[in-house]
Amino acid sequence: MLPLLPVLLGFLFFGFLWWAFSPRGNKKNREPLPPSPPADPIIGHVRVVPAERPELTYVKWGKEHNTDILYLNFFGKSTIVLNSVQAAMELLDRRGAKYSDRPDFPFMKEQGWQRNLAFFSSGPSFRRHRKMFQNAFTTANCVPYREAQEMEARKVVGRILKTPQDWQSHLIMFGTTVILRIAYGITVGENDDPYVELAKKASFIISNAGQTGATMVDNFPFLRYLPKWLSILPSLKLAREYYPYVRALHDLPFAAVKTAMSHGVAETSFVKKMLEEMAENDENEKKDTEAQINTLTDADVNGAAGTIYVAGQDTSLATLSMFVLNMTEHPEVQRKGWEEIESVIGKERLPTFADRDKLPYVDCIMQEVFRRYPVVPLGVPHKSAEDGTYKGYFIPKGRSTMVANAYAMLRDENVYKDPGTFNPSRYLPIEKGGAGEPLPIGQFGFGRRICPGRHLATASVWMVMATMLATLEISRPKDINGNDIIPAPTFSTGIVSHPAPFLSVLKPRFENVAELLS
Ligand code: HEM
């Protein structure tokens, strides 16, 4: 016979786990939780959500349950998935005060990204950093960075002309160089430049340490406090190994700007602008307590510049890789883009930002690149600060993570005809032969957390796309029988999604391209 006490304790223990990790609707008002696919006891949906591209499964579940809001449970933590622009606008935008917090990201902090706006919970640091970013990167305040964007875009095409087979590395180089220039005013040399080396190390740890917010350390934060010799998880070991590089990426260029400023030779940059503003405001703010809370410190500017790198480098690179992929798949679109550029600008000079309004089709190409394969398909999670309801469903506070499924929104068949097809004309007005469909919404997130770098990012991406369309022909390679090899794209899973390496042939569109670039 089984001993009674251990059996009883076992029952109690599992009963407690069941109770603690089970989802509950709002008992008081009898509102149910949003529709939810079947889950396991205690662990919830951990086993049923695929590790690869979960956004596709969320779309499927949304259709099966005929809903634009889903409820998932991971070890008792609620996740609310929003599959439509309507749901995201209602909750994350209009009711943004409730749904703009962030869950904790202990694993990013372990890697060295401490003072980072993207990972701040609501509070004074969030407000200070958000204000700093919003002011620094309005459309008007992005204008001083245009020269750097134009120059770096031309450099990337120049590098592609020299070694076209390395086009992917050259795009990586662009992502890094343009951000280092904007954040610190640093013009880097070629691949072996020490700043580029540091930036590569920082990028490596972000893309190889697991899915942001969903790693073991994020789920079990106590793991962070294990001593170094007990870093049993490979990802934790990797994070600790790369920590000094991430910190150096923050500290070395920051110190270089300060030195350059003290000698009066610093180039235009975000850090320079912020340090100058700090010096101006210093005296007034000493007297005022409210102002002191809002006062920026060196540590704030240092963290914010690192944030520009982590938030802007990989996203811009992934978007440009998606552009090359779409152009390889659709030579006819590429040709139309080039024809527009040729008719407006000719072949004697390269596009500049002043041409943008006169190139509506090129703009549509960029919008379609943002839409078809969104590079941040599940956004960055928000957190609910209060209980709420949507379409009669209960959204529990505190432990609920809100995930805006940008992929579902940008592929919504109710909004876009044949959403899987790459068709830039869909945005043109009907009277101009287009379909008058709305520009994409969701690729830059929502509400109070919407990407503050979106104007800067759009400008960088537009400039590279326009320069590449004006100068390069992007085509499919041929197989041994002379037939086109059409890419069969697959994509990485992570906060930023990249296309897996694919073959594409890039060559100058006409004879004097190299001269134009020089
Ligand atoms: C094509 C390039 C980019 C894409 C697709 C992109 C997309 C996003 C998305 C989806 C979010 C999450 C928004 C939310 O939580 O609702 C975000 C946040 C953020 N992005 Fe971007 N981004 C890009 C480039 C940039 C650049 C160049 C910067 C640098 C200035 C930047 C700075 C940030 C920051 C600081 C946040 C966090 C905002 C917060 O938590 O309040 N991003 N971005």
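A search of the whole structure, which is a predicted model, finds 14 aromatic pairs; rings of Phe, Tyr and Trp (its six-membered ring) pair if their centres lie within 6.5 Å, with planes under 30 degrees apart counted as stacked, over 60 as edge-to-face and the rest as tilted. F137 and F270 form a stacked pair, at 5.6 Å centre to centre and with 15° between the planes. This pair links distant parts of the chain, 133 residues apart: F137 is in the loop between α5 (124–136) and α6 (139–142), and F270 is in helix α12 (residues 270–286). Helices (H or I, at least four residues) and strands (E, at least two) are DSSP runs, numbered from the N terminus. Both F137 and F270 are buried, where buried means under 20% relative accessible area, exposed over 50%, and partly exposed in between (1.4 Å probe, protein chains only). Ring pairs link F133, F137, Y145 and F270 into a cluster.

The pair of F370 and F444 is edge-to-face, because the ring centres are 5.4 Å apart and the planes stand at 70°. F370 lies in helix α16 (residues 360–372) and F444 in the loop between α17 and α18, so this pair ties together parts that are 74 residues apart in sequence. F370 is buried, with a relative accessible area of 8%.

Charged side chains also sit over rings (NZ of Lys or CZ of Arg within 6 Å of the ring centre and within 35 degrees of the ring normal). K347 lies over the face of F510, at 5.2 Å from the ring centre, and the charged end of R371 sits over the ring of Y416, 5.0 Å from its centre.

The iron atom of the ligand has a single protein donor, SG of C451, at 2.3 Å. Donors are N, O and S atoms within 2.8 Å of the metal (3.2 Å for Na, K and Ca); water is not among the atoms, so sites may look incomplete. C451 lies in the loop between α17 (406–410) and α18 (454–471).

The structure holds zero disulfides (pairs of cysteine sulfur atoms within 2.5 Å). For C142, the nearest cysteine sulfur is that of C451, 10 Å away. C142 is buried, with a relative accessible area of 6%, and C364 is buried at 7%.

The mean pLDDT of the chain (the predictor's confidence in each residue, from 0 to 100) is 89, and 90% of the residues reach 70 or more. The predictor gives the complex an ipTM of 1.00 and a pTM of 0.91.

Residues are numbered from 1 along each chain as its sequence is written, and side-chain values use heavy atoms, with hydrogens and water left out. Local features need pLDDT of at least 70 and side-chain atom pairs count only at pLDDT 80 or more, whereas totals for chains, interfaces and linings use all residues.
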